[in-house]
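Subject: Handover of a structure, with findings

Dear colleague,

Please find below the structure that I am passing to you.

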Amino acid sequence: KAFLAAVEESLAKVSVMPDERAGQWAQILRSLACHTRFVMRDPEIGTCHRDEQMAENLLWLANEGYPDRKIIVWLATMHGIRAPEVPSFLPDQPMVASVFPSMGESIHEATGSASFVIGVTSHRDPGAGPFPDQDLPLPRFEELMVASGFDYGFLDLRRARTEEAWPGGEF
């Protein structure tokens with residue numbers, strides 16, 4: 001709590017400085033305060049949703065730090081998706097609707113089609129890995145790609161969403 005108080009005190013001081021890098025330091029301190037709240041999970045100091053802060057950081061970089069430049073961000077695909085339902089990584093937990101928007105959803109709301117996500121996935125032996133495969137009613141995306149003979153592929157989900165169609169049925 002003392003650390004968080006020091007960060008917030010520093011943020012207040014940096015925010016009014018005329019230095020050209022003060023805005024960058026202020027954003028770093030806002031992000032640090034958010035992450036501290038996220039990690040501590042203490043009701044007395046409030047909470048912070050990481051994806052919202054990541055979106056704020058990226059928007060600051062795009063609008064303040066590097067305006068008029070293209071930015072490439074490498075992140076876990078789960079943070080970049082725009083779907084309201086995200087799969088759990090635990091085999092016994094169902095799909096859950098997130099209370100907060102993902103970073104990708106917030107960025108899309110702010111930038112529209114000026115942003116896009118390239119998700120990366122890979123196929124593995126169904127019995128390998130830390131989590132045994134669930135008995136799913138439909139094949140997984142990776143299984144469909146392998147069964148179709150693809151070693152590599154690029155699929156435009158934006159178009160499938162716009163047309164409300166998915167090759168072969170509902171996805």
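The notes below go from the overall layout to single residues.

Please bear in mind that this is a predicted model.

**Overall layout**

The chain contains seven helices and two strands. Their order along the sequence is α-α-α-α-β-β-α-α-α. Of its 171 residues, 20% count as buried.

**Helix 1 against helix 2**

Two packed helices are described by the angle between their axes and the distance between the axes. For helix 1 (residues 2-15) and helix 2, the angle is about 160° and the axes are 9 Å apart. Helix 1 is therefore roughly antiparallel to helix 2, an angle over 145 degrees being the cut-off for that term. The crossing of helix 1 with helix 2 is left-handed.

On the side of helix 1, the contact is formed by Phe3, Leu4, Val7, Glu8, Ser10, Leu11, Val14 and Ser15. Helix 2 contributes Ala22, Trp25, Ala26, Leu29, Arg30, Leu32, Ala33, Thr36 and Arg37. Sorted by class, the residues of this contact between helix 1 and helix 2 are 11 nonpolar, three polar and three charged.

**Helix 2 against helix 3**

Helix 2 (residues 22-40) also packs with helix 3 (residues 50-65), at an angle of about 170° and with the axes 10 Å apart. These two helices are therefore roughly antiparallel to each other as well. From helix 2, the residues that take part are Gly23, Gln24, Gln27, Arg30, Ser31, Cys34 and Phe38. They meet Arg50, Gln53, Glu56, Asn57 and Trp60 of helix 3. The contact of helix 2 with helix 3 comprises three nonpolar, six polar and three charged residues.

**The disulfide**

The whole structure holds one disulfide. Cys34 and Cys48 form this bond, and their sulfur atoms are 1.7 Å apart. Cys34 lies in helix 2, while Cys48 lies in the loop between helix 2 and helix 3, so the pair ties together parts that are 14 residues apart in sequence. The torsion about the S-S bond is about -90°, and the disulfide is therefore left-handed.

Are the two cysteines buried or exposed? Cys34 is buried, with a relative accessible area of 4%. Cys48 is buried too, at 16%, since the term applies under 20%.

In helix 3, the buried residues are Asp51, Gln53, Ala55, Asn57, Leu58 and Trp60. The elements that cover them include helix 2, helix 4 (77-80) and helix 5 (103-111).

Leu59 is also part of helix 3. With a relative accessibility of 22%, Leu59 counts as partly exposed. Leaving aside residues up to four places away in sequence, Leu59 touches Glu64, Ile107, Ala110 and Thr111. Leu59 and Ala110 are 51 residues apart in sequence, yet their C-alpha atoms are 8.1 Å apart in space.

**Helix 7**

Leu157 belongs to helix 7 (residues 157-162). This leucine, Leu157, is partly exposed, with a relative accessible area of 45%. Between Leu157 and Val117 there are 40 residues of separation in sequence, and the distance from C-alpha to C-alpha is 9.9 Å.

Most residues other than glycine have a negative phi. Which value does the phi of Arg41 have? The phi of Arg41 is near 50°, a positive value in a residue other than glycine. Arg41 is placed in the loop between helix 2 and helix 3, and at a relative accessible area of 59% Arg41 is exposed.

Asp68 is not a glycine either, and has a positive phi of about 65°. Asp68 is located in the loop between helix 3 and helix 4. Its relative accessibility is 83%, so Asp68 counts as exposed.

Yours sincerely,

A colleague

Definitions and conventions
Residues numbered from 1 in each chain as written. Predicted model: local features only at pLDDT ≥ 70, side-chain atom pairs only at ≥ 80, totals over all residues. Heavy atoms only, no water. Axes fitted to C-alpha atoms, helices over the stretch in contact; angles between N-to-C directions. Helix = DSSP H or I, 4+ residues; strand = E, 2+ residues; numbered from the N terminus. Parallel < 35°, antiparallel > 145°, perpendicular 65-115°, else oblique. Contact = heavy atoms within 4.5 Å. Nonpolar A, V, L, I, M, F, W, Y, C, P; charged D, E, K, R; others polar. Left-handed = near helix turned anticlockwise from the far one by under 90°. Disulfide = S-S within 2.5 Å. Buried < 20%, exposed > 50% of the residue type's maximum accessible area, 1.4 Å probe, protein only.
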